[in-house]
Structures are given as structure tokens and as C-alpha cells.
Amino acid sequence: MNHAEKIADATREIFSSMIMLDVTAKEATKRTSPDFVNSITGMVGLAGTSKGNLLIHLPAPVATAVTTVFLGMDVDSIDDDVCDAVGELANMLAGTVKAALDPGGGDIKLSMPSTVYGDAYCLDCQDCGISVLVPFDLDGAEFSVELQLVDG
Amino acid sequence: MVDMSGAALEFAQIITTAAEEIFATMIFLDLTAGTPLTEGKDDLGCYVTAMIGLSGDFNAMLGVHCPARVGMAIGGAMLGMDLDEVDADTKDALGEITNMLAGGLKEAFAEKEVGLHLAIPTTISGNSYKLSAPSGSNRILIPFDIDAGRFYVDLKYSLT
């Protein structure tokens, strides 16, 4: 299974089982721009025999809609609840992708999640090795999940 | 230092020692450590942040937050060149410094038989970004001053 398939499977599984939302994976690509507008990114580091980052990038309206369903509470702008929900999503996605990358479970561990948000921010990776970004459709809106991986 | 637990105090000392060593041996800039804090604003008025995840016997995210002029001064000193914008060279240098700082933490904790592994650094830049860690996580925020101004080293961690 290639990395794009692992990301697509993990994302579909997390969204359908934890948030009860169906998402459709689009064709995998590489991120073409470091710039994000009115968005939030959740990221988790992967460390061990392979190292990297798992990131989920959501436009603000998608993040608030997903959080509303995920937490069962109305949110209309990015606040602490949205940050916690997006960080937790990144953590669950990283855990599922890690299980596919490291079936034995002892080689890769996850860092603490972190979220970045704002009207405009630039996200760059130095020496990020393999970089795969899978866009997803969620009821006509789009978000993406990205894996950066350097084999140790 | 206000209400700092034993673990927080130990973390702050390890971070300060690692930062002082890196600035003395790799960047050659005089550095003054300020008082470590265990809480602070998410928005520190900075333009560029380099961060890296750590995992192992505890989980953490280490960040170095700089105003643009401070980031350029640090990156320029490390690379031996004048930097006049937060460009790819500045971000590479700050990412590498954060990686080295995380390496210093890994080494210091290894001596205490606490195992850590490093992820890979990421830089965030812009005029309006904010960073958030999970609710309930711990934080050590240390201000450092160089001639160009103040920057911050920020460790958010969970011991569970």
C-alpha cells in the first residue's frame, strides 16, 4: 500500500467512525504552495526509525463545521474547542497512519499535536523527505491531509 | 520563577543550557536567558516560528518564536551572511537551530535515562498566525535576549 492509500484509508476511517461524516479522497499530489488563507493546520510529529509529520489542513469554515459534528456543539469561528478538535484529529490520523507504517508498533512514536491557525500563514518543511498530500471532498468543501516522511 | 514544579524547573534548566551552548558554539551571538514561565500567550508578536515534535518517554512540541528582525539576525549569524528578509535561508537556519536544540534536550534527558526521539522541523511564518497545544498540556516558555531583540523557546509537553 502506498502512502497516499494509507492517508486515504486512515482519513476515511477516522471521519466515518469518529465524526460520522463521509469523505472522498481525490488524487494525491504534492503541496504546491506553502501559503494558507483563513485556515487551521493540525500537526503531529512522527519520530523513531522513520521520522516526519502528519498534517491536516482545513479552511476555517470546514474546521468549524467538522468540530460542530465532532464535539456536538455549535462553533462558528476558530476557538480553543476547534483547536483541540483539529489537534485530536491530527493525533488520530497520525495514530492510524503510524499503525500502517509500523505494524509492530515499536518503531515510531507520536509527538504532542500542535495547531496553527490564522488569516494567512506560511508553512515550510526543511528536508521533509517524501511529501504526499491527499485532498478530500466533504460535501463539496475541501480539506487535505499531508504526510512528510524521512526514512531513518 | 513563579510556582514552578520540580519537573518544570528541570526542563527550564535543560532548555537554557542547550540554548546557551548552541548560541556559544554554533551561532556566536551573546545570549541572555530571561525568567522561565509556565504559561504565556499563544500570540507572542512573532513573525516566524520553527517547531519540532519529540516523542518517547514523554511527548512534546518544541518551538522557537522570533520577531522577523531577530530571526534574520540569528539565521544570518549562523549562516555567516546578511539576511534582509525571512526567506528560505532564514527558515532553514531556524529549523536547524530548533533541531539542534531538540537534540540537546534528547542528549540531556538520555543522561537521566529518559528516552526521546525527534520528528522533523517545520517553520511557520506570517503576520497573523497563532499556535495552540492540547488543553491540559504543560508549558515552559523562556525568553532570550540578543542584541537584535527578544525571542522565545517554548516547550509544550505531556508527561502522561
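Mentor: A salt bridge is a side-chain nitrogen of Lys or Arg within 4 Å of a carboxyl oxygen of Asp or Glu. This is a predicted model, in which local features need pLDDT of at least 70 and side-chain atom pairs count only at pLDDT 80 or more, while totals for chains, interfaces and linings use all residues. Residues are numbered from 1 along each chain as its sequence is written, chains are lettered from A and ligands numbered from 1 in the order in which they are written, and side-chain values use heavy atoms, with hydrogens and water left out.

Trainee: Why is the contact of Arg31(A) and Glu146(A) called a salt bridge?
Mentor: The side chains of Arg31(A) and Glu146(A) meet at 2.8 Å, N to O, and the definition asks for a nitrogen within 4 Å of a carboxyl oxygen, so the name applies.

Trainee: What makes this pair a link between distant parts of the chain?
Mentor: Arg31(A) lies in the loop between strand S1 (24–25) and strand S2 (35–48) of chain A, whereas Glu146(A) belongs to strand S7 (residues 141–151), 115 residues apart. Strands here are DSSP runs of E with at least two residues, helices are runs of H or I with at least four, and both are numbered from the N terminus.

Trainee: How do you know whether Glu146(A) is buried or exposed?
Mentor: Buried means under 20% relative accessible area, exposed over 50%, and partly exposed in between (1.4 Å probe, protein chains only). Glu146(A) has 2% relative accessibility and therefore counts as buried, while Arg31(A), at 21%, counts as partly exposed.

Trainee: Why is Lys112(B) called partly exposed, and which residue is its salt-bridge partner?
Mentor: Lys112(B) has 44% relative accessibility, so it counts as partly exposed. Its partner is Glu10(B), with the closest N and O atoms 3.3 Å apart, and Glu10(B) is likewise partly exposed, with a relative accessible area of 30%.

Trainee: What makes the largest nonpolar core a core?
Mentor: A nonpolar core is a set of buried Ala, Val, Leu, Ile, Met, Phe, Trp, Tyr and Cys residues joined through side-chain atoms within 4.5 Å. The largest one has 44 residues, and those with the most contacts inside it include Leu62(B) and Phe151(B). Helix H1 of chain B gives the most to this core, with 10 residues.

Trainee: How do you know that Asp127(A) is exposed?
Mentor: Asp127(A) has a relative accessible area of 69%, so it is exposed. Asp127(A) is found in the loop between strand S5 (114–125) and strand S6 (130–138) of chain A.
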